[in-house]
Amino acid sequence: MGNKERIRKELLKRKAINVVMLSLSTLTALYGLVWLFWILADVVLNGFKFINLELFLNDPTPPGIEGGGLRHAFVGHFIITSIATLIGVPIGIGAGIFFAEYGRHIPFVKGLRSVTDVIVSFPSIVVGTLVYAVMVKPVGHFMAISGSVALALLMIPVIAITTDEILKLVPNSLREAGFALGAHRWQVIKDISLSAAKRGILTGVILGIARISGETAPLLFTAFNNNFFTTDPTQPMASLTVTIFQYAMGPYDEWHGQAWAAALILTFGTLIFFISAKLLVHGVRKY
Amino acid sequence: MKRKEEFLEFLTKSTLGAFTLVVGLIFPFTTLLVLVWESLPAIERFGVLDFLTGRTWDPVAEVFGALPALFGTLLVTFIASLIALPVSVGIAIFIAELSPDKLKPIFSTATELLGAIPSIIYGMWGLFVIAPLMADYVEPFLQETLGRVPLIGKLFEGAPTGVDALTSGFILSVMIIPFMSAIVKDSFEMTPALLKEAGYGLGATKWEVVKNIIIPYSLPGIVGGMVLSVGRALGETMAVAFLTGNVHQIPLSLLEPLTTITVSIANEFTEADTDIYLSSLYYLALILFVMSFGLLMLAKFLILERLGKRWGTKNA
């Protein structure tokens, strides 16, 4: 009798612990969601009221004078990111192809791939200091193009790793069919591997752009900042992120408002890139 | 005709090979070389040990020591990991074991989105939203409660301003949770169903299966994810740039302002007016590079690669 009672109690205790721990786990999941929605809500609530046409069409005015905008930062951000993409995408895809198609079984290349995988999590500010020493110091002034190079360096590993992983999903029998027809390796890559994996590679490219479009640290000492509108990539250029940094640190309420507005556009821009990459991936996983 | 194609073959292979060399070898190696080269004046002037243990950071007197920044970096990262680890494991358990299949992608995507928000947004939000909350409510509350406990109480002394180690660590923890929980979740999902079913077959509750089967089985993955996240957190700049206060001091409590390596570089790099100042900042960057690269390599080679072999998922 006493024995049965003890077992029942023991069972109850185990079940109670089970419920408590699993509820805790559920709570942590909700905890994660809370921060996501809190950040997004704050960005939308604070930023939305400062979004107007002037923000996109006007250049900044001195603090205190109405009607200033962030046209210089929007255009600058677009230019810097576009040049970075132009540099980064071919090199990233190229390295990814080499990892998957040529060096898959070569230990040295596998080592390089592991290093590349590590560089994905590289401190981005270190890349900024590197580019400063290599490009900005010799020339003597900050340039937008050096910011693009810093961003490209951050983007290349991301694209290379994704490209490599996607190409490894392409069945080898497809490649062998190509070789059996007497095709050269570059023909097999171009007509079989790449055409089978193009969707996945596009995903990698979008992820790469999403990664760099929110970066601030590597731009601080490369593209620097500029209070005036410019499209000349050899001059210092404003970007949204550095402008947010400057404006949020600044003392004026108007600056804070514009920083929130820029934050809103930056956040949703990045998230849209990210979500479209996710959607593309789900298409790829089918095969 | 044949020669042309062989030439193209050669061209493709060598171009792509060159790209690979650039990414995997030249880029990291150049970074190291340049950082060492640029910090040579500071290395010569302050040495290695003296710089690492130097507590003064005085641009006017041109005396530079890395200890405050180094300590700040480690402290903030430690606080962040302390908060992020249990939460990440909890989220991973929820997504891998608890959540209904329909909700799984929603929760996964939501955590990933949290990781996709640019770090400058975290920083700005931390400055305008979280720091005032911390200063007005959370920190006074902590002082009232934990602050009265002997020993631990010392950690919560000082005026609550919200610009301090605690807030920085907290914001950083929110940033690394998505990253850490993704890796932990992946390792949880690698646990063979057979093992779990054996546990349930013996009458174990779900928590017992998680605690006694899934967690031990994926422990290397959890540790690897943790080290990887720490490596990433060390180099995070913008999320904490607003919140540390950038004061070169070793904080005696969690509520005092401090600085980290990244924040010092971000704030002072363009203001460095003497060569030795700039060189000292490069020296800091070099320390950061060695620490985070070392940690990330450690995580990758010692833990995750080995796991990959065990699970047979390692890329051949």
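What percentage of the 287 residues of chain A count as buried? The share is 47%, where buried takes 20 or more other C-beta atoms, placed from the backbone, within 10 Å of a residue's own.

A quick note on the model: it is predicted, so local features need pLDDT of at least 70 and side-chain atom pairs count only at pLDDT 80 or more, while totals for chains, interfaces and linings use all residues. Residues are numbered from 1 along each chain as its sequence is written, with chains lettered from A and ligands numbered from 1 in the order in which they are written.

Chain A holds 11 helices and zero strands, counting DSSP runs of H or I with at least four residues as helices and runs of E with at least two as strands.

Now for the domains, whose bounds come from an automatic or database domain assignment.

| Domain of chain A | Residues |
|---|---|
| domain 1 | 1-48 |
| domain 2 | 53-284 |

Their C-alpha centres sit 38 Å apart. Five residues from domain 1 of chain A and five residues from domain 2 of chain A make up the contact, with contact meaning C-beta atoms, placed from the backbone, within 7 Å. On the domain 1 side, that gives three nonpolar, two polar and no charged residues; nonpolar covers Ala, Val, Leu, Ile, Met, Phe, Trp, Tyr, Cys and Pro, charged covers Asp, Glu, Lys and Arg, and polar the others, Gly among them.

As for overall shape, chain A has a radius of gyration of 25 Å, whereas a compact globule of 287 residues would come out near 19 Å. That radius is taken over C-alpha atoms, and the globule rule is 2.2 Å times the number of residues to the power 0.38. The C-alpha box along the principal axes is roughly 85 × 70 × 35 Å.

Technical notes
Contact = placed C-beta atoms within 7 Å. Buried ≥ 20, exposed ≤ 12 C-beta atoms within 10 Å, placed from the backbone.
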